[in-house]
Amino acid sequence: MSTAADPSVEDQGRERALAALVRRFGSTKLGREFGLHRVRGVADFRASVPLFDGRSHAREVEPDLGFGEGDPLEPGPVDGARKSTRPWEVWSAQTEDWPPQRVLSLRRETQGTRAAGIRREDLAAPGACAPEFRGPEGLHELSAMRAALTEFAPDTLVVSSLALCRSLERLGRCQLERLAPSLKVILAEHDFEVVLRTRASVLNLGWIERAGRVAIPSAHGPRSAMSLTGRDLIVELLPWTDPDKDGRSQPSDATVLPEHAVLGARYEVVLSAPTGMLRRRSGAHIRVIGFEPPSQADPGLRPRFVRRLPPPADLRVEGTTLAGARLTAAVRQAFQPEDPALVGAWISVRHSARSRLDAPERDGRDLTRSTFFEDTELGRPVSGPRLGRRADTVTVRVEVQGVAPPRLPRELSSRIDRDLRRRSAPYAHLRHDGVLQAPEVRICASGTTQAEQIERELALDGPVRGAVIRVEVSSVA
């Protein structure tokens, strides 16, 4: 068999997954609504079914498919699916301490029973006895996790974030193998940049969603790299624009197939699966760093990627939209070398309770004048549903290292305002017109960022280390 990349291999896998999806949902109400029974290929499927984000998918798709926390649909592998590389093959090549005998999992399974089952299967090498397994049930504090590590004495530790391992080391004031001398391997999903004191081998756990296995750890560096697999899925990549060009990072209108990915580009992964996913945007952003070389066992062309934080959200204020990248840049550049160091910042918008113009003043206005621009950033709204619903203050909560001088909030507000005026002409006009007030800066109590990180650590799911400056967007319009 030729080892050259064959795009038809990927096409055949997607067609098999699509056939299984159509057989399961083509005759349902949702299938008839999107015409799944008339789909004649992946290209037709991508053209007829719209993209769903997490909220719209939960609202419009999952109720009709019965897909949710309980995972009522538990299909096996897609018929005719070709055998692909499994994670344990990569792990066994990266460490001599494989297969495991005792596994302690400090990762909470929130993706349903299917994802949990796949993860358990990965930990058992073919031909070997299944390892003794202990999950995170009943472990809600770091002290309890430390005690479980000492009492259970595992040789393999499974975590979602390496930041949890660092917290356990700090709590015990020693390396993890001092708490559990038998520990040899740590399997993690996120935050590989965290530096640990332990000498145990740190390996990539891979990426598993409710839909199934999305990616396996890459045999090539860096340690956080993974390779898309998704043999039982239809995987698409949604390109995002570069925020360095216009200050805003937005998704494109159309997706691309994984084999058409561009090196260095940012994408959001879109998943479809017979388990009940229809073109669902996962919210996970990746950057393609290469392609796995095709082989006889796997002749397909699979992108190799690393995860990236989602770009900062845009903040909508009255009359305009402030780009998230520009907001975070304005806050970061507002700190001077003589100021206390920035630990964390949260940007949001405060909606005023009522319009600046009282009702008698509105009624007495001369409405015979031209009002073409009154309801845009060039004027004030005089009628319509937006009257009295102003977002007139950008609020910035910051935590700094040490004690902040009393002058700091006022100076930061002035610098942020000046930077935003320079970056955004609509914002400058709204500030000049009095529709928007100067940014409001508040100093948070020391330890706010650390408390937030500890909360994410105890969730035992997802990354812990996020952006230093975050844009908080209200879920209620």
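A: Let's start with terms: two strands pair if DSSP finds at least two bridges between them. Helices (H or I, at least four residues) and strands (E, at least two) are DSSP runs, numbered from the N terminus. Bear in mind that this is a predicted model, where local features need pLDDT of at least 70, side-chain atom pairs count only at pLDDT 80 or more, and totals for chains, interfaces and linings use all residues. Residues are numbered from 1 along each chain as its sequence is written, and side-chain values use heavy atoms, with hydrogens and water left out.

Now the sheet: five strands make an open sheet, ordered S2-S1-S3-S4-S5, with parallel pairing. At the edges sit strand S2 (132-134) and strand S5 (201-204), each pairing on one side only. On average, neighbouring strands of this sheet are turned by 20° against each other, direction ignored; axes here are lines fitted to C-alpha atoms, for helices over the stretch in contact, and angles run from 0 to 180 degrees between N-to-C directions.

Zoom in on one pair. Strand S3 (residues 156-159) and strand S4 (residues 185-188) run parallel and are joined by three bridges. In that pair, Thr-156 stands opposite Val-185 in S4.
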